[in-house]
Number of protein chains: 2
Amino acid sequence: MKTYINPNSEEWSELAKRKTVPTADLNETVKVIFNDIQKNGDKSVSKYTSIFDGVTIADFKVSNEEIQNANKLVSEDLKNAIQTAADNITKFHYSQKEIPTKIETTAGVFCWRENRAIDTIGIYIPGGTAPLFSTVLMLAIPAKIAGCKNIILCSPPDKNGQINPAILSAAKLTGVTEIFKIGGIQAIAALTFGTETIPKVSKIFGPGNQYVTAAKQYAQQLGIAIDLPAGPSELLVIADATCDADFVASDLLSQAEHGEDSQVILVTNSEEIVSKVVLAIETQKTVLPRKSTVEKALQNSRALVFKDIQTAIEFSNFYAPEHLILAIKDAENKIDLIQNAGSVFIGNYSCESAGDYASGTNHTLPTNGYAKSYSGVSLDSFVKKITFQKLTSQGIQNLGPAIEIMAAAEQLDAHKNAVSIRLKKLQNG
Amino acid sequence: MKTYINPNSEEWSELAKRKTVPTADLNETVKVIFNDIQKNGDKSVSKYTSIFDGVTIADFKVSNEEIQNANKLVSEDLKNAIQTAADNITKFHYSQKEIPTKIETTAGVFCWRENRAIDTIGIYIPGGTAPLFSTVLMLAIPAKIAGCKNIILCSPPDKNGQINPAILSAAKLTGVTEIFKIGGIQAIAALTFGTETIPKVSKIFGPGNQYVTAAKQYAQQLGIAIDLPAGPSELLVIADATCDADFVASDLLSQAEHGEDSQVILVTNSEEIVSKVVLAIETQKTVLPRKSTVEKALQNSRALVFKDIQTAIEFSNFYAPEHLILAIKDAENKIDLIQNAGSVFIGNYSCESAGDYASGTNHTLPTNGYAKSYSGVSLDSFVKKITFQKLTSQGIQNLGPAIEIMAAAEQLDAHKNAVSIRLKKLQNG
């Protein structure tokens, strides 16, 4: 962990840099597979599944029987833990429901917004040895609360043509509509165009490797909405003398184990804290199964020592971390200063793992500095907010003249006429 | 206006098609200009301004003096109309402010969201003969309410190196921070990277021609957020026997005058209404200055007659129009059936022009069927919603065991350890 003492603001850009992962070279591959699947549907999905996943699948759709069997394979302990998390995620996302407020902007002119669910959405869950059932909860629960009718889940099959039981169990619990055993670019292409068996969706959610990321970006260019631009996961911890160095080390390590490209940053007002945290990292990491991943991630990590916590927060806003832990005195009273972050964890007992799994907040968050302009996934991500307006005859009479003047000034005479013709009839009526 | 009687659902896809505007061939041009401006800053902005706008600009930044002079050139009538519109837009967008709701998901686990403004945003206003000052209102007013610190406006200079006075006046009224006389791809590139004089922004808003559209799409790939994917403007009117054919015709014409690629669709339950509206269009269009544009747009337009209004609404949801007028009996009681639309205008006196200018709703809306997954611009577009959480010692003790089980099942041992180490210290403390 490289340490920087009082870096001046000219150095901040360099210190806030993320490791760039080049994806441009995948664009051609993505285009070829998309075109093929648009043209040949399921047949091509099969082809790419056997090429990339090394398995021949007769029927992509996971059957009810498979789901029921999978459910039996998940331990009661895990099911109970998932239920606890699901309850909290439900409570928090349910609290994001909005009640429409109708306002009268001018006498007789009523305006309001109402939410409507996106009808059909796709959720991508990566494969691999670790089954990311927590992401199923984070995406399917708000989709269900929003009222999405079709929640389509795709996840790559393993060598035996199966999806991990914990993923299927979480999908069943959360009310996913259909589950398909397909992954990678071919899954995103199938959700983009629809095939004989896989429905076309309007928005695609979920994490993935560089292939999935490139495919989602391409789908977006074709008009399919996506949850967020992708980037490696990251954590910034602001710590002062009130922190517990063991806790801070454990949080930095939990972020580092996500992948070699994960980035962890410690920002503090004391060199002593850096020493303590580095020591605690050394001790704790020895027993971690993902030690080699952690060590590689730590190579991208930094410790910054500033003269005070105020400057530390300024740097954090400049960096715009996905996850931000405030292990500082009186943390809750400082949150007004936080401008850019995906999700903020306040105080010594709010570890990032809590938000990753079970506190109720969503773990799909803006990385790579996108927290400057993007929000994490929430109930909003699954709805459109439609504006409604109603003008009474009094309303158009009150507001019409202003509209006529503005439309004329923009040289849009037909716009003006749509008002004039109404005013004239009202006058004559 | 081509008329279709009772088209069956297999034909709907064809009937819902938009005229496609190819933009792919611009990608190379966009890339070249972006690279040049990233490297050479203002010098390149100057170069492209003289190439594309045919004018040499010494100082891109509009001075306070220029703004004050422009303000004097705008008539009092127009200023008053703009003020009326601004008041309504302010009221409606102010009503979108949210009060954070803190909830306790598990005893000792507190979660909530707070809004933070996007610090620096860019607004693009197209040039041309018609000055789109209304778009300045629609973008700068919510930006100001949200609390954006830097609101940067770019608009192309005319042959005399000027921006239309009405645009400058609206920018002054709404509190735009800086105004630059640059347009096209070079403006979007400058906002993406920043130059010596033009600030880098986090999100770019506003309409534009195909060059601006392609440039915004490229900026998005580089990590700059944009308001909405672009597409030609469109209107769908659902009308029954209670409609006024003259009003419907005036609305369809107001949409048609936007551009040759605008699309207008009339959906009704009666052939007689189609005849009446077509007749009214013929009469009204003769006096319109933009008659030739209107006629070209009407070539893309359609009239669909369905057996009942229920089916008409189903088609509308399938089409997902940017603007939807409900000129039907008991319209307000039918809005629960509306699933996909940008903005909905209820009843005979709610003309689209009202929402375009002055009722208070935003006129930056999803086109091209994007209303299935995107919302129009609102206060939300100018903020990020950051999640916050605080676990007390009791909170981590209550929730910790569930997190440990889930993290272990996802094989993320460091995530588990971040909880275990806290539980252990609490046990021993």
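Predicted model: local features only at pLDDT ≥ 70, side-chain atom pairs only at ≥ 80, totals over all residues.

Trainee: Which residues does UniProt place under "binding site"?

Mentor: An annotation is a list to be checked against the coordinates. The unreviewed UniProt entry gives A:Ser233, A:Gln255, A:His258, A:His323, A:Asp356, A:Glu410 and A:His415. The farthest two C-alpha atoms of this set are 55.3 Å apart, so the residues do not all gather at one spot.

Trainee: Is A:Ser233 buried or exposed?

Mentor: Buried means under 20% relative accessible area. A:Ser233 has 18%, so it counts as buried. This serine sits in the loop between strands S8 and S9 of chain A. Its contacts beyond the sequence neighbours include A:Gln255, A:His258 and A:His323, and its side chain makes a polar contact of 2.7 Å with that of A:Gln255.

Trainee: And where is A:Asp356, and what is it in contact with?

Mentor: A:Asp356 lies in helix H14 of chain A and is buried at 8% relative accessible area. Among its contacts are A:His258, A:His323 and, from the other chain letter, B:His415.

Trainee: What lines the second largest pocket?

Mentor: For a pocket, look at volume, then lining. This one has a volume of about 750 Å³ and is lined by 28 residues, with A:Glu98, B:Gln96, B:Lys97, B:Glu98 and B:Ile99 nearest its centre. S3(B) gives the largest share, 5 residues. By class, the lining has 11 nonpolar, 8 polar and 9 charged residues.

How values were computed
Residues numbered from 1 in each chain as written. Chains lettered and ligands numbered in written order. Heavy atoms only, no water. UniProt positions renumbered as here; feature names shortened; annotations may be inferred. Helix = DSSP H or I, 4+ residues; strand = E, 2+ residues; numbered from the N terminus. Buried < 20%, exposed > 50% of the residue type's maximum accessible area, 1.4 Å probe, protein only. Contact = heavy atoms within 4.5 Å. Polar contact = N/O pair within 3.5 Å; in protein donor to acceptor, adjacent residues only side chain to side chain. 1 Å grid on protein atoms, 1.4 Å probe; cavity = no way out; pocket = protein on both sides within 12 Å on 5 of 7 lines; lining within 4 Å. Points joined across faces, edges and corners; volume = space filled by probe spheres on them. Nonpolar A, V, L, I, M, F, W, Y, C, P; charged D, E, K, R; others polar. Lists of a residue's contacts leave out its neighbours within four places in sequence.
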